[in-house]
Amino acid sequence: SSDLLAPLSQLRLGLLAGHPGDADGAPLPEALSACFGQLVHLLARGGGQAVLPEGSPLLRDATFLETTLAWGERPRATTRYGERCVGPGLHVMEAHDASGKRPMSWVETTVGLCGAGLHAVVAWRPAVCGAVTGHPMVPVLSVQLDDAGVAADVLLPAARPHEWLQVLLGQLAAVAGGELTPIALRSGNVDFQIPRGGAVSL
């Protein structure tokens, strides 16, 4: 409904769709790329933000890029690690080690996104990677297809991809309204790690 979409479209969300170190042979489903692209488009139109780490498989995914970027535009980092993004729309956060060559770990990347003042993070990993590790202070919603055999906060009906965005928005509304606590927080599957010698000094 429009009442649901209005506040949700103003959220600041992180998007994790796999990780450069994830197992080969488990690509991001094309319909999920499209769903995430639609989510970014909704946030951009509503004044919200979607933040991806550089190195995200989404930034190499033609379906996602066609949905979110102007034709011919190349994704690039728009904000530093852990810094708050300026302005609505899609942002890309620096997420490499001190050498600038290797991507940060899943936990380091999640910490950087959450440090950017996000309301929540939406996260998918191949089922072979098991449960998604969350953050102790910011809700991380795990997303999975309902035929993957893995528990998740958002179970998408594999046979009905046209419903995925509404299912995802419904669970985001439940988290934003305090009605749903993500599995990672409930089970204590959370971690926190600051990168060393690179993006930040604390």
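User: Why is strand E1 (residues 12–17) said to be largely enclosed by the rest of the structure?

Analyst: Six of the six residues of E1 are buried, so the strand counts as largely enclosed. Buried means under 20% relative accessible area, exposed over 50%, and partly exposed in between, with a 1.4 Å probe and protein chains only. The model is predicted: local features need pLDDT of at least 70, side-chain atom pairs count only at pLDDT 80 or more, and totals for chains, interfaces and linings use all residues. Residues are numbered from 1 along each chain as its sequence is written, and side-chain values use heavy atoms, without hydrogens and water.

User: Which residues of E1 point one way, and which the other?

Analyst: Arg 12, Gly 14 and Leu 16 point one way, Leu 13, Leu 15 and Ala 17 the other, and all are buried.

User: What makes E1 and E2 (residues 49–53) a pair?

Analyst: Two strands pair if DSSP finds at least two bridges between them. Three bridges join E1 to E2, and the strands run parallel. Leu 13 has Ala 50 of E2 as its bridge partner.

User: How many bridges join E1 to strand E4 (residues 120–124)?

Analyst: Five bridges join these parallel strands, which meets the requirement of at least two. Ala 17 stands opposite Trp 124 of E4.

User: What is counted as a helix or a strand, and how many of each are there?

Analyst: Both are DSSP runs numbered from the N terminus: helices are H or I with at least four residues, strands are E with at least two. By that rule the protein has six helices and six strands, in the order α-β-α-β-α-β-α-β-β-β-α-α.
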